[in-house]
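Student: I should like to work through this structure in a series of questions. Please let us have the sequence and the coordinates before us first.

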Amino acid sequence: MSSIGHFYGGDLLLESGGLSVVSGSEEIRQRLLRRLLTNSGDYIWQLDYGVGLQGMIGDVVVSSVMQAEIRAQVQKDAGVDPYSPVEVDVRADTNGVCLCRISYVDADTGQQQTLDFSS
């Protein structure tokens with residue numbers, strides 16, 4: 001299955017005269033990022049969807065709380081193997097930037113995947 005390629009907060013991209021399409025591990029990465037950045041309660045058809053990480057910018061980083069919320073949301077994605085553990089590492093660097101690394105197993109391929117981002 002394929003989806004329209006779209007990075008959260010960006011514009012839709014054109015490719016070969018149409019909209020850019022993604023599938024596989026890239027589609028899962030984009031879905032996970034969208035899920036993590038969407039505020040919980042903002043998606044009216046699924047009120048428990050999202051973490052709202054961008055809303056936490058400027059807050060004190062409580063790694064254990066963020067890890068638990070991120071892990072719970074990542075495990076809900078259909079592209080993530082429900083039988084393999086999701087590892088989440090959240091930490092603040094010396095400049096106050098929050099670094100996040102998420103490791104999960106792709107449900108279709110069985111391959112370990114990593115999603116890194118910072119805010």
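Tutor: Helices (H or I, at least four residues) and strands (E, at least two) are taken here as DSSP runs, numbered from the N terminus. The model is a predicted one, in which local features need pLDDT of at least 70, side-chain atom pairs count only at pLDDT 80 or more, and totals for chains, interfaces and linings use all residues. Residues are numbered from 1 along each chain as its sequence is written, and side-chain values use heavy atoms, with hydrogens and water left out.

Student: In what order do the elements of the protein chain run from the N terminus on?

Tutor: The protein chain contains 2 helices and 7 strands. Read from the N terminus, their order is β-β-β-β-α-α-β-β-β.

Student: What is the radius of gyration of the protein chain?

Tutor: The radius is taken over C-alpha atoms, and the globule rule is 2.2 Å times the number of residues to the power 0.38. For 119 residues that rule gives 14 Å, and the chain comes close to it, so it is as compact as a globular protein of that length. The radius of gyration itself is 15 Å.

Student: Which element of the protein chain has the highest mean pLDDT?

Tutor: pLDDT is the predictor's confidence in each residue, from 0 to 100. The chain has a mean of 86, and 93% of its residues reach 70 or more. Among the elements, strand S1 (residues 2–4) has the lowest mean, 72, while the highest, 93, belongs to S6.

Student: How far apart are the end C-alpha atoms of H2?

Tutor: The expected span of a helix is 1.5 Å times one less than its number of residues. H2 has 13 residues and should therefore span 18 Å. The model agrees, with its end C-alpha atoms separated by 18 Å.

Student: Why do the buried residues of H2 line one face of the helix?

Tutor: Buried means under 20% relative accessible area, exposed over 50%, and partly exposed in between (1.4 Å probe, protein chains only). In H2 the buried residues are Met-66, Gln-67, Ile-70, Gln-73 and Val-74. They line one face because, seen down the helix axis, the directions from the axis to their C-beta atoms fall within an arc of 140 degrees.

Student: What covers the buried residues of H2?

Tutor: Contact means heavy atoms within 4.5 Å. By that criterion, the cover includes helix H1 (24–37), S5 and strand S6 (98–105).

Student: Is Asp-77 buried or exposed?

Tutor: Asp-77 is found in the loop between H2 and S5. Leaving aside residues up to four places away in sequence, Asp-77 touches Ile-28, Arg-31, Leu-32 and Arg-35. Its relative accessible area is 5%, so Asp-77 is buried.

Student: How far is Arg-34 from Asp-77 in space, C-alpha to C-alpha?

Tutor: Arg-34 lies in helix H1 and counts as partly exposed, at 26% relative accessibility. In sequence, Arg-34 and Asp-77 are 43 residues apart. In space their C-alpha atoms are separated by 11 Å.

Student: With which side chain does that of Ser-84 make a polar contact?

Tutor: A polar contact is a pair of N or O atoms within 3.5 Å; within protein, one must be able to donate a hydrogen and the other to accept it, and residues adjacent in sequence count only if both atoms are side-chain atoms. Ser-84 is found in the loop between helix H2 (63–75) and strand S5 (87–92). At 2.9 Å, its side-chain partner is Asp-81.
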